[in-house]
Amino acid sequence: MQLLINPGVLENSYLPRLLPYRENESQYIAECIKPLFMKRNGKNILLTGSPGIGKTACVRFIFRKLIEEPPGNYATMLVNCWKYDNSNRIIFYIAEQIGIRTSERYPEELADLIIRKLNNNYDGVIIAFDEIDKLKDWNFIYRILEDVKYKSIILITNTTEPIAKLDARLLSRLLLERVHFRNYNFEEIRGILRERESYAFKPNSFEYDAFESIIKKTFELGDLRVGLFLMRSAAEIAEARGSEKIEVQDVEKAAGKLEFIKPE
């Protein structure tokens, strides 16, 4: 019995058409980058808050709007610093994103080519660095701050400790505007997960108590990714036993796989 008919909706990479309960944060970020559209530098922003509460999704949401309704030719890039954790890796990644050949080129040469292309080919640049607390050096970010004409830099982190330890010279260049994301409350989590359920599952796939237990576990850990995982995993368990409904026992088995996750 197939209950899960659109599993992609439950992936962390899925970006809904609307971001409920994050309208204020999205609007503030949009206002911070708005000066770029008038040939001025945008503000640099620090997004803070617990994991899995929509910080990165907000940035991706704004980037998508800029692509779909472009006010000009603006470069938007999201760099995951867990994967690209030093300047050289960031340089190679950004070069590839804007169509610069990287083979047989040193990072110093690529950095110069990146700066030149960003200044000559784009009206402005918005670069978001996710998981910024994983970054090992800030040399190329400093280069962007110094040499790119019109830019706005967004830093995303769960903890502000690495920012507090930054060199005073770099902090004075960044002049960060902080946007703190509060945790979703219980009813907001219910609304978000119910919306995903409506797209991902056949109607009435969940018993009421089963879905309520997912909401409670998600609220307890404060991470929407937990809820998405439980919905997908519980569905797979129910399907494997041939059930027409996802029951509490399926959610409990799925939750057993979450023992290693602790609320931060």
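Which strands does helix α3 lie across, and at about what angle does α3 run to β2? In this predicted model, helix α3, residues 87–97, lies across β2 and β3. Its direction is at about 140° to β2.

Both strands belong to an open sheet of five strands. The order is β2-β3-β4-β1-β5, and the pairing is parallel. The edges are formed by β2 (74–80) and β5 (177–180). Each edge strand has a single partner, so one side of each is left without a neighbour in the sheet. From one strand to the next, the twist averages 15°.

Within the sheet, β3 and β4 run parallel. Strand β3 spans residues 124–130, and β4 spans residues 151–157. Five bridges join the two. Phe129 has Leu155 in β4 as its bridge partner. A further helix, α5 (residues 139–147), lies across β3 and β4. Helix α5 runs at about 150° to β4.

The second largest pocket holds about 300 Å³ of space. Helices α1 (23–33) and α2 (55–68) each supply at least two residues of its lining. The largest share, six residues, comes from α1. The lining includes Glu23, Ser26, Gln27, Ala30, Glu31 and Ile33. Also in the lining are Lys34, Phe37, Phe61, Ile62, Lys65 and Leu66.

Conventions
Residues numbered from 1 in each chain as written. Predicted model: local features only at pLDDT ≥ 70, side-chain atom pairs only at ≥ 80, totals over all residues. Heavy atoms only, no water. Pairing = 2+ DSSP bridges. Helix = DSSP H or I, 4+ residues; strand = E, 2+ residues; numbered from the N terminus. Axes fitted to C-alpha atoms, helices over the stretch in contact; angles between N-to-C directions. Contact = heavy atoms within 4.5 Å. 1 Å grid on protein atoms, 1.4 Å probe; cavity = no way out; pocket = protein on both sides within 12 Å on 5 of 7 lines; lining within 4 Å. Points joined across faces, edges and corners; volume = space filled by probe spheres on them.
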